[in-house]
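Trainee: Could you walk me through this one? I would like to ask questions as we go along.

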Amino acid sequence: MNIFIIISLLICFISAIGIAYNLNKIVYIDAKNRGIKRAKLWSFIAIGGQSSEGLLLYLINRRKYPSNIDVKDKERIDLYKRRLYIFLATIFVGFVLLIATAIFFK
């Protein structure tokens, strides 16, 4: 039982790190292409917070700047989006495994 809990928590933890990393890269590329000053700072602000308030602040701020994205950066964003979806699915599987372990191995 304990090994299943450890494995499911490890899956969730690694997936959370992957989600944060890929979201950070997406926001950085977008901010850089829009010409937003301090793009790295905005990318770190976007991944911060428990209720995604950093991402909401970035989305509100980016409306002032037009998008000047080229094909290469668009492909990079699409790659990071696909990775983000994979990590979201993986974290879901980790939580299902954690709940199943808690229910079946009381």
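Trainee: Where is Ser52 found?

Mentor: Ser52 sits in the loop between helix 2 and helix 3, and please keep in mind from the start that we are looking at a predicted model.

Trainee: Which loop holds Arg38?

Mentor: Arg38 is in the loop between helix 1 and helix 2, the latter covering 39-47. Arg38 also has a positive phi of about 60 degrees without being a glycine, and with a relative accessible area of 63% it counts as exposed.

Trainee: Let me step back for a moment. How many helices and strands does the chain have?

Mentor: The chain has four helices and zero strands, so that, following the sequence along, you read the pattern α-α-α-α. The radius of gyration of the chain is 17 Å, well over the 13 Å that the globule rule gives for 106 residues, and therefore the chain is more spread out than a compact globule.

Trainee: What does the C-alpha trace span along its principal axes?

Mentor: The C-alpha trace spans about 55 × 25 × 15 Å along those axes. As for what is covered, 27% of the 106 residues count as buried, while the accessible surface of the chain comes to about 7500 Å², with 69% of it belonging to carbon and sulfur atoms.

Trainee: What about contacts in the chain between residues at least 6 apart in sequence, how many of those join residues at least 24 apart?

Mentor: Among those contacts, 73% join residues at least 24 apart. You can see an example in Ser15, which belongs to helix 1 and which, leaving aside residues up to four places away in sequence, touches Phe87, Thr90 and Ile91.

Trainee: Is Ser15 buried or exposed?

Mentor: Ser15 is buried, because its relative accessibility is 1%, and the limit for that label is under 20%.

Trainee: Okay, and what does Asn33 touch?

Mentor: Asn33, which also needs to be looked at without residues up to four places away in sequence, touches Pro66, Asn68, Ile69 and Asp73. Asn33 lies in helix 1 and counts as buried at 14% relative accessibility.

Trainee: How far apart are Arg34 and Asp30 in helix 1?

Mentor: They are four residues apart in helix 1, which covers residues 2-34, and this means that about one helical turn separates Arg34 from Asp30. Their side chains meet in a salt bridge with an N to O distance of 3.2 Å, and both Arg34 and Asp30 are buried.

Trainee: And how does Arg62 come into it, as a partner of which residue?

Mentor: Arg62 forms a salt bridge with Asp30, and the closest N and O atoms of the two are 3.1 Å apart. Arg62 lies in the loop between helix 3 (53-61) and helix 4 (71-104) while Asp30 is in helix 1, so this pair ties together parts that are 32 residues apart in sequence.

Trainee: How does the accessibility of Arg62 count?

Mentor: Arg62 counts as partly exposed at 23% relative accessibility, whereas Asp30 counts as buried at 12%.

Definitions and conventions: Residues are numbered from 1 along each chain as its sequence is written. This is a predicted model: local features need pLDDT of at least 70, side-chain atom pairs count only at pLDDT 80 or more; totals for chains, interfaces and linings use all residues. Side-chain values use heavy atoms; hydrogens and water are left out. A salt bridge is a side-chain nitrogen of Lys or Arg within 4 Å of a carboxyl oxygen of Asp or Glu. Helices (H or I, at least four residues) and strands (E, at least two) are DSSP runs, numbered from the N terminus. Buried means under 20% relative accessible area, exposed over 50%, partly exposed in between (1.4 Å probe, protein chains only). The radius of gyration is taken over C-alpha atoms; the globule rule is 2.2 Å times the number of residues to the power 0.38. Contact means heavy atoms within 4.5 Å. Accessible areas come from the Shrake-Rupley method with a 1.4 Å probe; for residues, only the protein chains shown count as cover.
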